[in-house]
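Trainee: I'm new to this one. Could you walk me through it, one question at a time?

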Amino acid sequence: MSIWKTSDNKLVESSTTFESGGGNLPPIPEGTSVIAATVEARWKEYEGEDYISIQWQVLAPAEFKNRRVFQKIKVNESDAGKADRAKKMLAAIDTNAGGHLMAAGVHPTDQSLTQYLVGKPMLLRLGLWEINDKSGNWVMAVSPKVGAAPPVKEAPAAPAANIVDSDVPF
């Protein structure tokens, strides 16, 4: 199939203009819970501040399906209280995604954020922000997707016991 043919096998017409449609959708109402999966997780920088950027795609309910919610997790925030809340949010997201980032115990990279967080569905509760005649959603809370099994934590290794041959019953 040629790149210049549409899905119905028609040739794309030459034009100097195109509008994709869509438009501005109103934000999802405050306090709404949605099931969403991460489609992007990586480090970004804005005005000298590094933060983890997560993009979520809503899976349900159907009325919000495929909507995107953008989340900034500012684990390097200069305000210690805000940084602590951001770290707790990241820990909750990681735990719901399997706990691999925390288990590694190292500073996550773009590669590890993508590998361990992208494609993991969770239950989100959304808030609403409004600034200068603009509005959007923010992630107030995350929790396991309904029906999801909690991540498996490895039990600590038991200390080796001194077993004498006479202790073995066979």
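Trainee: Leaving aside its neighbours within four places in sequence, which residues is Gln-57 in contact with?
Mentor: Quick note to start: this is a predicted model, where local features need pLDDT of at least 70, side-chain atom pairs count only at pLDDT 80 or more, and totals for chains, interfaces and linings use all residues. Residues are numbered from 1 along each chain as its sequence is written, and side-chain values use heavy atoms, with hydrogens and water left out. Contact means heavy atoms within 4.5 Å. With neighbours within four places set aside, Gln-57 is in contact with Ile-35, Ala-36, Ala-37, Val-39, Asn-66, Arg-67 and Arg-68.

Trainee: Is Gln-57 buried or exposed?
Mentor: Gln-57 sits in strand 2; strands (E, at least two residues) and helices (H or I, at least four) are DSSP runs, numbered from the N terminus. Buried means under 20% relative accessible area, exposed over 50%, and partly exposed in between, with a 1.4 Å probe and protein chains only. The relative accessible area of Gln-57 is 17%, so the residue is buried.

Trainee: And which side chain does the side chain of Gln-57 join in a polar contact?
Mentor: A polar contact is a pair of N or O atoms within 3.5 Å; within protein, one must be able to donate a hydrogen and the other to accept it, and residues adjacent in sequence count only if both atoms are side-chain atoms. Here the distance is 3.1 Å, and the partner is Arg-68.

Trainee: What about Pro-144: which residues is it in contact with, leaving aside neighbours within four places in sequence?
Mentor: Pro-144 belongs to strand 5. Its relative accessible area is 44%, so Pro-144 counts as partly exposed. Apart from those neighbours, Pro-144 is in contact with Asn-96 and Leu-123.

Trainee: How many Å apart are the end C-alpha atoms of helix 1?
Mentor: The expected span is 1.5 Å times one less than the number of residues. Helix 1 has 17 residues, so it should span 24 Å. That agrees with the model, where the end C-alpha atoms are apart by 24 Å.

Trainee: Which residue caps the N-terminal end of helix 1?
Mentor: Look for a side-chain oxygen 2.9 Å from the backbone nitrogen of Gly-81. The residue that supplies this oxygen is Asp-79.

Trainee: Last one: which residues in helix 1 are buried?
Mentor: What covers them includes strand 2, strand 3, helix 2, helix 3, strand 4 and strand 5. The buried ones are Ala-83, Ala-86, Met-89, Leu-90, Ala-91, Ile-93 and Asp-94.
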